[in-house]
Amino acid sequence: MSEPTLDAALPYSDLLPGAVLAVEKNIEGESLVVAPDQLVAVAEQLRDHEGFDLLSNLTAVDYLGFPGRSAADRFEIVYHFYSTTRGGGPKVLKARLPETNPALPTLMSVYPGADLQEREAYDLYGIRFLGHPSLRRILLWDGFNGHPMRKDWQEAYFEAESKPFKSRHPVGHHIWAEDRNPWGSNVNYPAGFDPETWSQPVTLRPLERHSGSNGVSGALKTERIVVNMGPQHPSTHGVFRMIVELDGETVTALEPEMGYLHRNHEKIGERNTYLMNMPYTDRLDYISSMSNNLAYAIAVEKLLGEAYKPTERAEYLRVIMAELTRIVNHLFSVGTFFNDLGAFFTPLLYAVRERELILDLFESVSGSRMMCNYMRFGGVVADLPAGWLETCHHLVHERLPAKLDELERYLIGNEIVKQRCIGVGYLSAADALALSCTGPQLRGSGVPYDIRRAEPYSIYDRFDFDVVSFDGCDVYSRFLVRMEEMRQSVRILQQALKQLPEGPIQAAKALGAYTVRPPVGDVYGRIESPKGELGFYLVSNGAGNPWRYRVRPPSYINLNALAPMVVGNKVADAVIILGAIDIVLGEVDR
Amino acid sequence: MAEQPQGAAPVPEEVQSNVLLTTVDWIYNTGRTFSLWPMTFGLACCAIEFIVTGAARYDMSRFGMEVARPSPRQCDLLIISGTVTKKMVVPIVRLYNQMAEPRYVVSMGACATGGGPFKEGYNVVSGIDKYLPVDVYVPGCPPTPEALLHGFITLQNKIKKQSVRTVPWYRKSYSGAVPIPVLGPDIFSSRPEEIKRVREINTQRMMATRAAGAPTIAEMHILGADEFIVIRNSGLAQDMTGWRLHSGAGDQSYTFPAGFVLMPDAEVRVHSGPDATAATPSDQLWTKRHMWRNEGDTANLMDADGNLVSSFSHQGN
Ligand code: SF4
């Protein structure tokens, strides 16, 4: 995997001597192994002199027991940087850390958007980021026993390192997971744990330091109060929780709290074979499952190489499904956004009506309305049933354009909507980039960055469409971006339906290939999902299941901007600002 | 007009043709059946199908459960629509306790029923029925809106069969409240019997690890005028009468005195060499001569029957 080059040839050896330790060639290109103490300097160089303005992906990998690795470089932190002005591929940095006390400097001084991803790496891997302002658990709770993504941490129902489990095999008898665990349930207490003498650890409440009198002199003495919203709250679109500090109606501080839907997607993904993960990706952003399928298929196909290149027809089918999904997602997102605004349920009813028609198409092609599990490595799983194209053609050419007109007529020019939305949730273009925002959130701040155009995947370079961006930098712009993107999706769909070729739907090599074993290497595949950049970072050790299976969830990372956007606004606006980020908790918490 | 029973209140003429006689149960049950108020509360993917069930195409208000309320105080029906995580089960149980009786629970989808595709996850509860009493399970991943509606109708049929005489919530001193679980190093239920069980199992496991342990040679300090070997007991108390410490290079043995007992977690040092002294029971004096080879040696510990229990090598200087 690694091929150390001569010292003289190392990049930055003149500017920052000793910063780059090695250059690794891998499937996609190359990555630089950086000395942890020089990381910030290299990142500054990338941002200020090379135009890599977006820190897209940051994650940790545990290489315990990986061939060629030792305790001295057990952990690896991987960074993917992109340039929104030039487009194109990533700059990959890696920092290696030892087994004992793994720590490295935070990147938040250069890329503030590293915040949530660093906290996640700390939570799941126990890697400390020195200088991070609030390095606390994020998906799990304070006091949780251990760091679960480490290779030597085993879950309560642990059975084997990789699937298929022996107990599920045709010959074996199925064993209840409950029976294997001494406690009879999905728990695992550390040795010596005694529930009676155990006491709750004191947790840090980040907002407490703000509360108290606001110090305004005068007759009227006011006090700030801390209000909890969620995890059961109709505005949070799931089980998200915000702790807000209010001065009257104005939000003075906000702390997002998540993990209520943390269902261990990545740990389960490491035990699954590559194909087994496909239905799990449906359940990430469960509103747009086809897009998730596409992103994962693209990442694995990059690992697998040319033999698994999808056929022409499959590429078109994928694009059709992905764009239909974008419409589904934006309809739902716009509908619920109006719920948040106070137009309770009526716009959502209109939006869901159209969504249902598309779900019918999904159901007839894949068998399921929401969890489509439609794509395979090297193609798609099923061809279109009879009559599908005609229905889709009608939808794309007549029904949807008309209904989008109708929605626009009702919603866009609406005076109340404008009053509520314009100027609310301000996020400047520079901030949006610094906070690693992608998708409609970034384009609503006037940055026309769309991966379909910047680094075209699949066959997006063949279609004629506009990258939508509005520079209001507010909630209204984000809403407009979504409305207009639906039109662009319709445009792409019209072209794709016209050009759709006949032919096989799966690459010859991929037919019936249930267990794929990609070569050793790591790869990052990404697409423009309806919510932003959805990426999969995969590490293969040559086995049938991934060594590391990491999802770069767009809505989780877009939440970086939540507190900066909300603070200073009214509490009712906090609800619509959150609604305009368009989070889905399956993806945020994974 | 029928004969008035004696002592009964007179029924006015104009009302008499408008009176319908029925049982108390029928009145109660019909009221409950067709005014189920579900809680606006979504957990995961299944919640989307729940929302769609309320939308125009499936329209669950046709069946008398139109009014979804975000406040648990106003709801009768808790729909567990998605994966229940350990972090989330604490608020769910709290919500359930906040609902007024009678309250019903529908477990929607594979996850809520048994953990579903995410069952093996470390943060996933394998079924909400481990914590709450469930009335109706709806299978599917996610259940289609039709399946959910079928679940609701099943619940309605169940309610229709209830009787005020047997339902628990009119009893004195009845409380349907469920103990709220606690997030410790892992989640644990705060029911006393559950705490007792966890304790017992943990003690058993500790005893089992204990019983598997034995005295072992932990350290060798063989360079110098006071050489000593440290033997530590990770198991239960051990009578070491007749046990031997054997030096590999010199083929010499030290035999522990009769009645010598090594307690759990205790250690004993066996000294040799010119400066060796021994004042306490945990320091045993072997001999005043050097017993270990400074170029490297191996110590073996044998029990009274001569079986090798532990062995340790020192690389020497
Ligand atoms: S049962 Fe399936 S659809 Fe429902 S929450 Fe679980 S994974 Fe999602």
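Modeller: Start with burial: a residue is buried under 20% relative accessible area, exposed over 50% and partly exposed in between, with a 1.4 Å probe and protein chains only. This is a predicted model, in which local features need pLDDT of at least 70 and side-chain atom pairs pLDDT 80 or more, while totals for chains, interfaces and linings use all residues. Residues are numbered from 1 along each chain as its sequence is written, chains are lettered from A and ligands numbered from 1 in the order in which they are written, and side-chain values use heavy atoms, with hydrogens and water left out.

Biologist: What is the nearest side chain of opposite charge to A:Arg552?

Modeller: Side chains of opposite charge can pair when their charged atoms come close. A salt bridge is a side-chain nitrogen of Lys or Arg within 4 Å of a carboxyl oxygen of Asp or Glu. For charge in general, Lys and Arg count as positive and Asp and Glu as negative; His and the chain ends are not counted. A:Arg552 is buried and has no salt bridge; A:Glu533 is the nearest side chain of opposite charge, 4.1 Å away.

Biologist: Which backbone oxygen does the side chain of A:Arg552 reach at 2.9 Å?

Modeller: That of A:Ser56. The backbone oxygen of A:Ser436 lies 3.5 Å from a polar atom of the A:Arg552 side chain. The term here is polar contact: a pair of N or O atoms within 3.5 Å, where within protein one must be able to donate a hydrogen and the other to accept it, and residues adjacent in sequence count only if both atoms are side-chain atoms. A:Arg552 itself sits in strand 16 (residues 548-552) of chain A. Strands (E, at least two residues) and helices (H or I, at least four) are DSSP runs, numbered from the N terminus. Leaving aside neighbours within four places in sequence, A:Arg552 has contacts (heavy atoms within 4.5 Å) that include A:Asn57, A:Thr438, A:Tyr524 and A:Ile557.

Biologist: Which charged residues does A:Arg74 pair with?

Modeller: A:Arg74 forms a salt bridge with A:Glu99 (3.6 Å, N to O). That pair links distant parts of the chain, 25 residues apart: A:Arg74 is in the loop between strand 3 (54-62) and strand 4 (75-82) of chain A, and A:Glu99 in the loop between strand 5 (91-97) and strand 6 (103-105). A:Asp152 also forms a salt bridge with A:Arg74, with the closest N and O atoms 3.2 Å apart. Here the two residues are 78 places apart, A:Asp152 being in the loop between strand 7 (128-130) and helix 3 (177-180) of chain A.

Biologist: Is A:Arg74 buried or exposed?

Modeller: A:Arg74 counts as buried, at 3% relative accessibility. A:Glu99 is partly exposed at 33%, and A:Asp152 is partly exposed at 47%.

Biologist: How many residues apart in sequence are A:Asp522 and A:Lys94?

Modeller: A:Asp522 and A:Lys94 form a salt bridge, the closest N and O atoms being 2.8 Å apart. A:Asp522 lies in strand 14 (residues 521-529) and A:Lys94 in strand 5 of chain A, so the pair ties together parts 428 residues apart in sequence. Both residues are buried. Over all chains the structure holds 66 salt bridges.

Biologist: How many residues of each chain are in contact across the interface?

Modeller: 54 residues of chain B are in contact with 64 of chain A. For buried area, take the accessible area (1.4 Å probe) that two parts lose on being put together, summed over both. The two chains bury about 5,400 Å² between them, 62% of it on carbon and sulfur atoms. On the chain B side, B:Lys87, B:Glu120 and B:Tyr122 lose the most area to chain A, together 17% of what that side buries.

Biologist: How many salt bridges cross it?

Modeller: The rule finds 7 between chain B and chain A. B:Glu120 and A:Lys163 meet in a salt bridge, at 2.7 Å, N to O. Helix 7 of chain B gives the most to the side of chain B that touches chain A, with 8 residues.

Biologist: Why is helix 3 of chain B described as largely enclosed?

Modeller: Because 8 of its 10 residues are buried. Among them are B:Cys45, B:Ile48, B:Glu49 and B:Phe50. The cover includes helix 7 (312-341) and helix 8 (346-366) of chain A, together with elements of chain B including strand 1 (77-81) and helix 6 (145-160).
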